[in-house]
Amino acid sequence: MMHRILAVALCFFLAGVTQAETTYSFGVLPQRSAVLTAQYWNPILNYASGKSGVRLELGIRKSAEEFSEAEGRGEFDFVHSNHVFIPDHAAAAYRVIGRAAGVPIHGQIVVPEASAVKSLRELEGREVGFPSKNAFVGYAAPMSALIQAGVSVTPVFGSNQEGVMAQLRSGAIPAAGVNSRVMKEYAARENFRYRALWTSEPYLDLPVAVHPRVPVPVAQAVRDALVSMAADPEGLKILKASAAGIKQQTPWGFVPALDAEYRNQREVYRIVWKKEGR
Amino acid sequence: MGAAPFDWRTLTPSRLWARLSLTVRVMLGASLALVFASVLLLVVSTRQGAEYSRAQIDEHLASEIDSLERAIGEWAVIGDFANIEQFFRQRVGQTDIRAISWMNATGHFLEAVDKDEVRRAPGWFVRWTGVLSPGVSRTLSIGGRNYGQITIEMTATPAQNRLWDGFLNHLAILALALALSLSVILFVLNRGLRPLSVLTRRADELAGGDYSGHIQRQGSPELAGLIDAFNHMTTGIAEAQGALRDEAERLSVTLSSIGDGVIATDVDGSVEFMNPVAEAMTGWTINEARGRSVLQVFVIIDEATRGEVDCPVGRATREGRVVGLANHTLLISRDGTERPIADSAAPIRHADGVIHGAVLVFRDQGPERRAAHNLRESEAAYRGLFDGVSEAIYVQDAQGRFLDVNQAAERMYGLPRSDFIGKSPEFIAAPGKNDLASLPSIVARAFAGEPQRFEFWGRRASGEVFPKEVHLVRGRYRGQEVVIASAADITERKQAEAELKQHRDHLEELVHSRTAELTVARNEAERLARAKSEFLANMSHELRTPLNGVLGMARIGARDNVGRASHETFVRILDSSAHLLGVINDILDFSKIDADKLSIENRPFALAGAIGNASSFVAGTAQQKGIRFEATVTPSLPEWVTGDSQRLQQILVNLLSNAVKFTERGEVRLRVAGDGEDIYFKVIDTGIGMTEEQVARLFQPFEQADSSTTRKYGGTGLGLAISQNLARLMGGEITVDCAPGGGSSFTLRLPLPATAPDLVVRTESVGGERRLAGLRLLAAEDVEVNRLILEDLLIHEGAHVIFAEDGQQALDRLEEAGVSAFDAVLMDVQMPVMNGLDAARRLREIAPALPVIGLTAHAFAEEREKCLAAGMVEHVTKPIDVDLLVAAILRHARPNGPIPSPTLQSQTSHATFPLKGRESSSSSFKGEVRRGMGLVDWSGLRARYPGRQAFVTKLATIALSSEQETPAKLRAAAAQQDLVALAFIAHSLKGVGGNLMAQGVQELAARAESSARQCEPPAAMLAAELADQVEALLAELAAFVREDGVQRPASAQ
């Protein structure tokens, strides 16, 4: 009996030592500045680490391109990114385990409220800002709409969502492809008035995906920690605080999700990538 | 200066300080103060600078760490160390940061250090200021995750160097300021203290007795003030010295000039001073006496014993007090002359009280003794006089007590002098016969310097009572203020007075008796005078009645005998009778004035009307005599005045008649002008004039210019006397200015204050409004023309009118229609059958609520009063003024419906002779209008009834038919002297004349009526004249009607 107790204790010890030694990177697609991203995600990852017992570390890059390339190379254990649906990233084989809670998001092509531009056609031949070439609702979705409408524009990339929004606000570009929700939050925070020329069909928010190398129990533990966060008063408090930093509206937290739910996004990427010959 | 050598061994700070000059003291003091202040300033400013630098470095450090955290946060999250390191180097090179380091969570270490600093401030300075290099570390935590530790160390070297440089600069400036300040102080003191040496020199001169000259004002204000004070002091000392010399001189002169002898000695009794009196009395001169003992110079013995007397000088100096000399002391002069003297000696003391001598003052008693002797002799002489006079004399003090009495007083009362002394006069008063209570006040008044005189009953020692007259005067008796009374026995005078009184009483009785007799006589005389006046009045009246008969008969005779020889006779009878009537009227007026029975009215009247009436009275006569008559009135005169219109007219008629009477050719002018309340009526003629003597008698009753005047011009000689009396009764007077043959100028001055016209309520028709619409009126008027006009205007104003031709008819109409059938009654006063007044009285009984408005042809107050007394509510004069009549009706009528409220405004009730705005035309009084055609103002009549030619024609036609008999009636009345009928007809004609706008007829009728009512002789003449005018009027009306009849059909075609 004594031996059994010791064996279990040793197992737990060893397991703890093992888990303590393994740190999993959690890459987050840059949609804001690195500091804002860290201020938002670090408390969540700390919570998830605490709850799951899986040590998570925020993985971030200077730009979405750099991130996308690193993701394509499978450098992150977990990602919060929809670039996993890019045809080129199929090799990395990230698998969707959840997503941010909330209503589906839309891609939009927006102009400042006072702009003279009233339709997509008026953008013909003009510069249109996008977060990055790999952005989905910010680039792929609007571009697929422009492609389908036969409007040819000159893309200008602002490295992330808010970067291109700042350019739009300053008047550097006449229109921008944006994530409708990020745009709404940005406009509320910066008191910017804008108008949408086009709005896409609904797309689910960015997924949380896991690399195949991560053990299933670990992925499971992390997913459970994230999904149950909003129901836990402590987790909800953290979510609220993080949301307040970027003026994010409810609902907060994460819900379970599957690859199949993101089929329409894969299709958009496919169309654009094909058109652009990437 | 020969000062003692200084012993440095005994040197102490206070002694050292005492030896220093002012300049050195100021320099030393200022240097110490400046050095202390400079060091303090340096320390405080450097410490403040250091504190500021420290605060600045700390603030900078806090700011740097904050910005560094923000700057590297992004790179730290991403792990971009290269950017962080580059940023660190950049910051260290650009700012006061000496070193920055960062170690991330994984132990990665980055650092940047600035090694180029050079510190100039010495170590002690850095330690003293405490400005050191601070540093701080902070953990970089984002989203709860530790990204490493940042450490910053700031450099204080630049701040330390700045502070050190500032310190050195301040030190240099303060040293320079110190040197400058000391130089300036040295310069100022050297220059400023120079006047002190001048002052010192001058003080030495002053000490030497040189008070002349002043120091020139110089140096700073303080020193200049000091010099001023010094100069002032010098002047003060010089003046004090002068005053001292003057005082000594004055004392010397005083002592030399006083009447007493003065000898001053030292404390040992040696003579130091003698004045001239002392020299004369002692026989020693001061030069001889000075230094000698006073006992040798001032030799005195007792007068009685001839023995030596002690000199008081010795006692005065010994005892230190004033010592007098005994009486009866003789001074024996050097030549042996003896003089009785009185003397005293007093010690002379220094300011500290020590006696250093004595002064001996003595006087020759010889003159005083002679004066006392004289006084005694004078007293004896006075006593002889006092006792020698026959009147009793008493000397009394302020309380009246006797101080002395003379022998006459002793004899008067049979009492010795001693019985009087100290007693009051009561003890010599006869009991019960004097007002003793008033005695003290009499004595007090005399004592105050007011001589008193009164009678006093005394009682002798024998008990006999007697009267005396007392005089009290203030005087002096033995050096005191007293009252001196002298008294004389007046028993005999009293007896004489009693007899005299008895005679006077008898005389008064006689006077009373005679006065009573005279009063009876006077009353009888007054009664007789009254009886005379009454007799005259009655007589005049009695005379006038038959005389009117004579006049009438004469007029008939004259009229019926035209062309015959007897015509002249009748004319003479007519003239004589008229003259006689005038005489009687004058006598009547005069007797009224004489009996003081003439009353003067005082009521508003139109001045122009009165002047017009008077003028028209003489205008005809003037024209007959071929004299030009002109009346001129100053336009500025008031329209309405207060006074007696009738008496004014009487005076004016008298003056104007006289003027016309005494003027054979030329002109008579009436000029009316005003001066304040006084109005001047000046009657100027070109007649015979008068001498001064004639003028003097002019206003005496029964006087004319001379008896020939009476013979030539007739008259009673009462007219002017009456006029003058009337003028005076009215507060005015008549003055005359004339020369024989040069015409006369009579001026009547009357105070006639301007007044507002009678206030009436006038309702003016506006735009053809029918103001009497709905009113039912009963109008009684006997003259058809008047009825026509009244009917026209009342119907025109919308009233329903029922007419009656006399008072009785009016009553009948009222009875037929009922009392409530009319709202008002318009009642002519003078009507046949029953006159308006009687009818009004009856109406008052039948219908008390029915208002009766009187219509009369004149505005006499008397007439109005009669109307009101008969129960009429108002009185409107004819010719009718539509607005006035309408206003009167609206005021009183009983309306069945609403009546427009009348507008209140002031206006003259009827002005026949408006004054304002024009000179009155003289042609009005020349009489042309009364002759032939042109009696009616046709244009005026047409203007009165605009566009109603037919009505004007109808008016003329009715007048033509209704007045056809009037001339005959007038003549008949005049012939029969039926003045009542005459007045009646004239009254009617006055109204007709007014209605037809025949002003001449109206005026003549007015005068005729007035004359007839007053039973005046001209009434018959006026009636005849009026009859002629009415005939002329009828002819004019007939011509008008004829012409109108021709023109109207013609114009109709």
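Start with the open sheet in chain B: 5 strands, ordered S18-S20-S21-S23-S22, with mixed pairing. Strands here are DSSP E runs of at least two residues, helices H or I runs of at least four, both numbered from the N terminus. Two strands pair if DSSP finds at least two bridges between them. At the edges sit S18 (628–633) and S22 (733–738) of chain B, each pairing on one side only. On average, neighbouring strands are turned by 15 degrees against each other, direction ignored. Axes are lines fitted to C-alpha atoms, for helices over the stretch in contact; angles run from 0 to 180 degrees between N-to-C directions.

This is a predicted model: local features need pLDDT of at least 70, side-chain atom pairs pLDDT 80 or more, while totals for chains, interfaces and linings use all residues. Residues count from 1 along each chain as its sequence is written, chains are lettered from A and ligands numbered from 1 in written order, and side-chain values use heavy atoms, without hydrogens and water.

Back to the sheet. S18(B) and S20 (residues 667–675) of chain B run parallel, joined by 6 bridges. One bridge pairs B:Arg628 with B:Glu667. Helix H18 (residues 607–624) of chain B packs on the sheet and touches S18, S20 and S21 (678–685); its direction makes about 170 degrees with that of S18(B). Contact means heavy atoms within 4.5 Å. Helix H22 (residues 719–729) of chain B lies across S22 and S23 (744–751), at about 130 degrees to S22(B).

Now chain A. It has 9 helices and 11 strands. Of its 278 residues, 51% are buried. Buried means under 20% relative accessible area, exposed over 50%, partly exposed in between (1.4 Å probe, protein chains only).

Next, salt bridges: a side-chain nitrogen of Lys or Arg within 4 Å of a carboxyl oxygen of Asp or Glu. How many are there over all chains? The count is 66. In chain A, A:Arg270 meets A:Glu267 at 2.5 Å, N to O. The two are 3 residues apart in helix H9 (residues 263–276), so about one helical turn separates them.

In chain B, B:Arg91 and B:Glu64 also form one, at 2.5 Å. This pair links helix H3 (residues 81–94) to helix H2 (residues 22–78), 27 residues apart.
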